[in-house]
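Trainee: Could we go through this structure together? I would like to start with the helices and then turn to the backbone.
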Amino acid sequence: MTREEIKDLLNEAEKRFASEAKLIQLESGKVIFAGDTHGDLEATEKIIHKYLKPQNKLVFLGDYVDRGPASLENINFLLEQKIEHPDSLYLLMGNHEGHAVYNFHPADFWEGLDAELSQRYSEVLAMLPLAVSTPNGIVALHGALPNVSGLADIDKIKPGNAEWHQITWGDWQERAGKFLGIDPYTGRPQFGRGWFQEIMARLGKNVLIRSHQPDAPPTMYGRRCLTIFTSSAYRHYISERTIALVDLKKPVKSVDDIEIEIV
Ligand SMILES: [Mn+2]
């Protein structure tokens with residue numbers, strides 16, 4: 001794509017995201033959740049070509065850029081698809097889309113852009129929605145659960161605030177406790193079983209689908225927390241790219257009610 005084409009794409013995407021709430025409520029059909037793709041364009045294309053259909057909703061859980069070989073192509077392809085299929089495809093925000101909001105290094109995608117494009121990608125990607133809710137018991141987001149009193153509060157979360165940081169940067173640990181501190185090596189906030197149970201009760205949901213943490217156990221907290229990851233960029237942690245398929249007609253009580261597929 002030329003520079004002018006990229007700027008046009010970002011302008012169009014910006015208009016689209018301006019009309020979306022931070023909390024996306026899906027009502028019917030089959031929902032396909034994809035985890036972090038991190039510059040793995042091949043994974044993204046495979047999922048889009050197989051599942052982007054009128055009867056499906058497709059949700060990507062954030063982290064489209066950095067780490068993998070084709071970050072620019074991956075995010076541009078997803079933005080084009082979003083503009084073409086606004087009611088079938090949803091792109092949630094991950095911590096890597098918030099580089100300008102909360103800086104980190106290394107960030108090969110962001111560090112490879114010039115100042116003008118870096119600013120435009122930052123402005124547009126900071127508008128991405130933060131979570132998905134389904135009527136059959138699921139909440140989905142990038143990392144950990146935010147300290148909100150109910151689902152409606154998610155719409156009030158602003159990039160950079162405490163709840164935004166919990167969603168986009170938060171890790172889960174399979175042990176007791178609520179807030180377990182900041183990991184000294186990664187700087188990521190750590191949360192335990194007590195936090196999971198308390199916030200899930202406030203949201204009235206059974207299962208959390210999230211990504212962000214490729215070395216996390218795939219299921220935690222009595223099979224109520226599912227971590228999927230959909231990028232080859234983390235092959236040293238995970239050998240398979242996973243996605244999750246959910247039929248909104250069936251109640252979801254645990255991960256056992258969700259279909260996991262390898263792409
Ligand atoms: Mn992440």
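This is a predicted model: local features need pLDDT of at least 70, side-chain atom pairs count only at pLDDT 80 or more; totals for chains, interfaces and linings use all residues.

Trainee: At what angle do α1 and α5 pack, and how far apart are their axes?

Mentor: Helix α1, residues 3-18, packs against helix α5, residues 115-125, at an angle of about 20°, and their axes are 9 Å apart. Angles under 35 degrees count as roughly parallel, so α1 is roughly parallel to α5.

Trainee: Which hand does the crossing of α1 and α5 have, left or right?

Mentor: The crossing is left-handed. From α1, the residues making the contact are Ile6, Lys7, Leu10, Ala13, Glu14 and Phe17. From α5, they are Leu117, Arg120, Tyr121 and Val124.

Trainee: How many of those are nonpolar, polar or charged?

Mentor: Seven residues in the contact of α1 with α5 are nonpolar and three are charged, while none is polar.

Trainee: Moving to α3, what span should its 14 residues have?

Mentor: Helix α3 covers residues 71-84, and at 1.5 Å a residue it should span 20 Å. The C-alpha atoms at its ends are 20 Å apart, which agrees with that expectation.

Trainee: Which residues of α3 are buried?

Mentor: The buried residues in α3 are Ser71, Asn74, Ile75, Asn76, Leu78, Leu79 and Lys82.

Trainee: And what covers them?

Mentor: The cover includes helices α1, α2 (41-51) and α4 (108-111), together with strands β3 (56-60) and β4 (89-91).

Trainee: Changing topic, where is the cis peptide bond?

Mentor: The cis bond joins His105 and Pro106, with omega about 0°. Pro106 lies in the loop between β4 and α4.

Trainee: Which residue has a phi near 75°?

Mentor: His212 has that positive value, and it is not a glycine. His212 sits in the loop between β10 (207-210) and β11 (219-220). Arg223, also not a glycine, has a positive phi of about 60°. Arg223 belongs to the loop between β11 and β12 (225-227).

Trainee: Is His212 buried or exposed?

Mentor: His212 has 27 other C-beta atoms within 10 Å, so it is buried.

Terms used: Residues are numbered from 1 along each chain as its sequence is written. Axes are lines fitted to C-alpha atoms, for helices over the stretch in contact, and angles run from 0 to 180 degrees between N-to-C directions. Helices (H or I, at least four residues) and strands (E, at least two) are DSSP runs, numbered from the N terminus. Angles under 35 degrees count as roughly parallel, over 145 as roughly antiparallel, 65 to 115 as roughly perpendicular and the rest as oblique. A crossing is left-handed if the near helix is turned anticlockwise from the far one by less than a right angle, and right-handed if clockwise. Two residues are in contact if their C-beta atoms, placed from the backbone, lie within 7 Å. Ala, Val, Leu, Ile, Met, Phe, Trp, Tyr, Cys and Pro count as nonpolar, Asp, Glu, Lys and Arg as charged, and the others, Gly among them, as polar. The expected span of a helix is 1.5 Å times one less than its number of residues. A residue is buried if 20 or more other C-beta atoms lie within 10 Å of its own, exposed if 12 or fewer, and partly exposed in between; C-beta atoms are placed from the backbone.
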